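Dear colleague,

Please find below the structure that I am handing over to you. My findings follow directly after it.

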Amino acid sequence: MIVALLPVKSPHNAKQRLIGLLSPEQRETLARTMFEEVLTTLCSVRGLDRVAVATSDLEIARFARNAGADVYEEKEQLGHSHSADLASQKAAESGATSVLLVPIDVPLVTRLEIENLIAEAEHGVIVVPSGDGTGTNALVRTPPNAIKACFGPGSFRAHCTQAETLGVPLKVRRPPGLLFDIDTPEDVAELILRAPESRIGRLLRSQTAPS
């Protein structure tokens, strides 16, 4: 059984690197909208047995349930890696043999990209780096505890090194939609250029338009 996991921290203080470009309210709106877009994409993927959202945010949990996803309720705000590993453990206890971890800030990810990733799921790990090659934008683990999650700066190399050290089979894939995440003002400008009429593109154009 393959389960997609979407750990979601509270959007109230999301996207700190966009301070100066977007207001706190705009950053929260952006985070919630990106979550909705990525979750909707995951729920459309053929070959996934379940989609689950791990969160302490009530609005996020409500949207996830309405979309047909499972919700792993968190009592407190957890770090992304801690949340990912706890969610993976819960998925495994429910019968998952593989888990796919993705973040909310990859709004250009496509259904086909996810389907191609999970089609390759076998014993080992698949790592998708961030566009700059340092972070991790997707991680497939078979079994769900094949390696520990260590998201954040330098996580791509950390995940690869961990797999190599443990002798866990490793694949690296670079689907273009998953490579692109929104963290910086430069990312915002690129998204507007690449997909101006997408839901996130329209939102960002409205948020950054001169008043």
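Leaving aside neighbours within four places in sequence, Glu-74 is in contact (heavy atoms within 4.5 Å) with Ala-54, Thr-55, Ser-56 and Ser-83. The model is a predicted one, in which local features need pLDDT of at least 70 and side-chain atom pairs count only at pLDDT 80 or more, while totals for chains, interfaces and linings use all residues. Residues are numbered from 1 along each chain as its sequence is written, and side-chain values use heavy atoms, with hydrogens and water left out.

Glu-74 lies in the loop between β3 (70-73) and α3 (80-93); helices (H or I, at least four residues) and strands (E, at least two) are DSSP runs, numbered from the N terminus. Glu-74 is buried but has no salt bridge, and the nearest side chain of opposite charge, that of Lys-90, is 6.7 Å away. Here buried means under 20% relative accessible area, exposed over 50%, and partly exposed in between (1.4 Å probe, protein chains only). A salt bridge is a side-chain nitrogen of Lys or Arg within 4 Å of a carboxyl oxygen of Asp or Glu. For charge, Lys and Arg count as positive and Asp and Glu as negative, whereas His and the chain ends are not counted. The side chain of Glu-74 does make a polar contact with the side chain of Ser-83, at 2.4 Å. A polar contact is a pair of N or O atoms within 3.5 Å; within protein, one must be able to donate a hydrogen and the other to accept it, and residues adjacent in sequence count only if both atoms are side-chain atoms.

Glu-113, in helix α4, is likewise buried without a salt bridge, the nearest side chain of opposite charge being Arg-194 at 7.4 Å. The side chain of Glu-113 reaches the backbone nitrogen of Leu-178 at 3.3 Å. Not counting residues up to four places away in sequence, Glu-113 touches Leu-108, Pro-175, Pro-176, Gly-177 and Leu-178. The other buried residues of α4 include Ile-114, Leu-117 and Ile-118. The buried residues of this helix pack against β1, α1, β4 (98-101), β5, β6 and α6 (176-179).

Turning to the nonpolar cores, the largest has 32 residues, of which Leu-6, Leu-100 and Ile-114 touch the most other members. Such a core is a set of buried Ala, Val, Leu, Ile, Met, Phe, Trp, Tyr and Cys residues joined through side-chain atoms within 4.5 Å. Two or more residues come from each of β1 (2-8), α1 (24-43), β2 (50-55), α2 (58-66), α4 (111-119), β5 (124-129) and β6 (136-142). Helix α1 gives the most, with five residues. Apart from this core lies another, of 22 residues, among them Ala-87, Leu-139, Ala-149 and Cys-160.

A search of the whole structure finds 16 salt bridges. One of them joins Glu-36 and Arg-199, with the closest N and O atoms 2.8 Å apart. This pair links helix α1 to helix α8 (residues 199-208) across 163 residues of sequence. Glu-36 is buried, with a relative accessible area of 19%, and Arg-199 is partly exposed at 34%. Arg-199 also meets Glu-37 in a salt bridge (3.3 Å, N to O); Glu-37 is partly exposed, with a relative accessible area of 24%. Lys-171 forms a salt bridge with Glu-120, the closest N and O atoms being 3.6 Å apart. That pair connects strand β7 (residues 170-172) with the loop between α4 and β5, 51 residues apart.

A cis peptide bond, with omega about 0°, joins Thr-142 and Pro-143, and Pro-143 sits in the loop between β6 and α5 (155-166). Lys-15, although not a glycine, has a positive phi of about 55°; Lys-15 belongs to the loop between β1 and α1 and counts as buried at 14% relative accessibility.

As to the whole protein, the secondary structure comes to eight helices and seven strands. Buried residues make up 53% of the 211 residues. Along its principal axes the C-alpha trace spans about 55 × 35 × 30 Å.

With kind regards
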